[in-house]
Structure formats: C-alpha cells, structure tokens
Amino acid sequence: MSSLLKNIIRFVLFIVFQVFILNEVPPLHRFIVPYLYFLYILWLPFKLNRFALLVISFIFGLTLDYFTGTPGLHAAPCTLIAYLRPFLLNLLIPQETTEQSYVEPGPKSMGWAPYGLYIGILTFIHHFYLVLIEWLQFGNLIYFIGKVLGTTAISLLMIFIVELLFTRIGRYRSNTA
Amino acid sequence: MKNIFLFIRQYFTFLSFLLLQVLAIVMLGNASKTHQSFFASAANEVTGSFDTRYSHLRSYFGLQETNRLLAEENARLRNLLPANFLSPNTGKKYVIDSLIKDSLGHVRKFTFLPAKVVGNTYTLQANFLMLERGTAQGVTKGMAVTGPEGIVGVVVEVSANYCRVMSLLHRNSKVSAMLKKDNSSGTIEWDGIDPSYLLLKNVTKGAKVSKGDTVVTSNYSANFPPHLMIGTVAAIASESSSNFYTLKIKTTTNFYNIQYVYLIENTRYTEQVQLETNPSKIP
C-alpha cells in the first residue's frame, strides 16, 4: 500500500475513532478526557516537507473541530506540534541511519526510549496548549495542571496500547517504493 | 525589498506556522459570535449527515430508555388534559383548540417542535448538540431547547436541515432561572467541571434556599417559557464578600443519553429582543 493511501485511511479512522468513540465516553473524572487523534500527526512520514506537514495538521485539526463545533480549537495545537515535530526528531534520532532507512516514526525505527520521549513531549505540549486556549476565560491553576497531567497520562496509556496492538512494520525505504 | 523576500524565504515555515495559528485562534474567537458564514453552514450539513448515520445506529441501544421517558412524559401530559379536571357546574365548557387566537383573547406565545438529537458531546469544555431539524422545518437562531425532563440549551447555528444547539454544558451558556419556591432569580452557568452539575449565580442572600429546592426557568428569559424544570439545589456556597449565593444545581436532564428534544418557538421573540437590545433614548 502506498504511503499516501495509508495516511488518507488513517486520517479517516483517527477522526472517526475520536469523534464517535472517545468523545462518547462518559467522563470518568474531571481531569480525564481521552484524546488520541493527534497520534496521526506523530505518525506522518519523515520525508514530508515541513510546510506540507503544517497544512495537513491544520486541516486534520479543523476536520475534528467541525465535528465538535469549535472551529480552531484543535487546529491550533495540531499546527503547534506539527511545527515542533521536525526539531524534536532532529534531536532524537541519528540522522545517518534512521531517517534514510525508515518511513515513519515508531518504536522500531527510533527505539522505545527516544520514541517514548518524542511522544511524551509532544503529547504534553498538545494538551497544555489545548487546555490553555480552551480555558482563556476561566480556570484555576491546580485544576489546570491536574487536567493537563491527567489527560496526558491517559493519552500516553492509550498510545502505548495502540503501539502494542497495531505493530506497524518498520518498513525499510527501498529504491522501488 | 530584496531583503524582505530573503527574510520571507528564510523563515517561510515559521511564518506559515504563525499564519495558521492566527487563523485558528481567529476562527475560535469568531465561532462563539457569528455562526452564519457560508462555510460553517456547509460543514454543518456534512458533519450532520455523518452524525445522523451514527445516531441511527446508536438509537437502537437507547430504545428502552427513550420509551420509558416518552411514556413518563405522556403520563404527565395526560394528567394535564382538561378532561381530567372537574369544573364546577357554571355552564361553561373549556375547549382547547389549535387556533393561534381563541375567542377569550388568549394568544399563543410558545410553540413546541419535536426534534431528534443526532449529535451530542458532553466531555468537552464547549459542548454542542446537533438536531435534525433546520430552517426548512421552521427552526431559527435563538430558539430554546428542552428535553422531556428539563431544559437543554439554545440554538446557535442553523442550516437547511440541521441545527446546532449550545448545550447548558458550555462555558458561554447563560440562562435566566429562578427558585420555584420564592421566585428569586439568578443566572445558570457551567463551570466546566462536572456535566451533572450547573451553577446558579447571583441569587440574593434574602432568598431562603435549602438543599433540594427546585430551580425553574424564569419569567425574564426571551427564549425560554417560564417554569420549565432545570434541576434541584445540591449545594449552597455563600461567598462572604458578596451579597449573592452561588448554588450548585443537579440537572434533571441527563445529558448523557438525550434522544429527543423539543424546540420552543417564541412568536414574540424578535419583538422582545429588539426592544431589549435597542438602547433607550430616555436618559
């Protein structure tokens, strides 16, 4: 399957999963809101140029926004993590080996530790920014921090489960593809 | 000039990032004010049709609960039928008809329109409902929405066949309410913490409030008819620095499983709102 087709299917699946399953989950606790959709952005291929990455993330966030009725709310954090992603990847992976031989970020292509760090930092930034702009009008500090940390923890847990369930084949880039 | 182009080329990614951020924030800022742009309306139709399909699937799981609610409501309405009341024999007959004006000079002010809920969120800070009823079926912006058990929200966006309702569980939602016991009025808001509880703010400390008191919609609202159920008082917080109570209200509406609601049309809405918003000329 081509990378483009695979990512289009993922786009649809992540939106559907977030809107129709995760957003329907009754709130377990006031700190916890399950978010998984942004994993799509973290999984986009390495070789995508940075402008395309920004635009795709913006459109992806906006699509979700039109389902929840808040245009711009998820689009803003999505563009933020898409902007930060290349810097972080440059720091975390050895240029020579990984980026040339693997297609997209994953525990196989980067190793569990750098990949975990990559996911953890971007997840935290995403939630921090999301809760911040969601809350510009009101809020108290402890609730704010609690919500960011709680949401980040539940997202990381879900991402871990997703990584275990759907083992993506760490495909080597070859000349034929 | 050349330097400007060089600068733009060098920071192209950063600039496009800033541009998209600003765009997103502006959209978010406008979202709560204007809902009438063409694009929002078109997107509304698209997401609405997805929501409908999903809702068809979901509604099977809720049939039992929906039936129970409708049966309860029917029972309550049947109890209100004029046939159930024995009037003293004064030779008059009460007839309720569907005319907009009856011979006694009563004018119909509120009309209830049933609608199916096709989309509903309650986990976010800004929650909305999607209803399958739009301008083609007589829905206008600002109509009140109530469920079988209590009020739900206000229509903020309408397309041809769908409308979007700002739920009470929205941080910008404000509904005028009063205590049923002594008619002390206040404002219903949501603090974004628990979807089962709302806040009733600005209730005077002169009111004798106790836990379990009923809270209903007030006479002052332009879109809600008075005396619609909202909830019951669950906790009382009295701030020593102000003259007002802030009451925690347990909603009677269960926002987790709303299936059918009623849109309430106030035939005098435009007239009332126009007069309220136009500044008075008298100093």
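Colleague: In this predicted model, is the crossing of H4(A) and H7(A) left-handed or right-handed?

Modeller: H4(A) passes H7(A) in a right-handed crossing.

Colleague: Why is H4(A) called roughly antiparallel to H7(A)?

Modeller: The axes of helix H4 (residues 75-92) and helix H7 (residues 112-134) of chain A cross at roughly 155 degrees and come within 10 Å. Angles over 145 degrees count as roughly antiparallel, so the term applies to this pair.

Colleague: Which residues make the contact, and how do they divide by class?

Modeller: Among them are Leu80(A), Leu84(A) and Leu88(A) of H4(A), with Leu117(A), Ile121(A) and Ile125(A) of H7(A). The contact of H4(A) with H7(A) has 17 nonpolar, one polar and one charged residues.

Colleague: What makes S6 and S9 of chain B a pair of strands?

Modeller: Two strands pair if there are at least two bridges between them. Strand S6 (residues 175-179) and strand S9 (residues 214-217) of chain B have three bridges, in the antiparallel sense, and therefore qualify. One of the bridge partners in S9(B) is Val216(B), which faces Met178(B) in this pairing.

Colleague: Into what do the six strands close?

Modeller: In chain B, six strands close into a barrel in the order S6-S7-S8-S11-S10-S9, with antiparallel pairing. Neighbouring strands of this sheet are turned by 40 degrees against each other on average, direction ignored.

Colleague: How many residues of chain B are in contact with chain A?

Modeller: 27 residues of chain B are in contact with 28 residues of chain A. H2(B) gives the most to that side of chain B, with 11 residues.

Terms used: Residues numbered from 1 in each chain as written. Chains lettered and ligands numbered in written order. Predicted model: local features only at pLDDT ≥ 70, side-chain atom pairs only at ≥ 80, totals over all residues. Contact = placed C-beta atoms within 7 Å. Helix = DSSP H or I, 4+ residues; strand = E, 2+ residues; numbered from the N terminus. Axes fitted to C-alpha atoms, helices over the stretch in contact; angles between N-to-C directions. Parallel < 35°, antiparallel > 145°, perpendicular 65-115°, else oblique. Left-handed = near helix turned anticlockwise from the far one by under 90°. Nonpolar A, V, L, I, M, F, W, Y, C, P; charged D, E, K, R; others polar.
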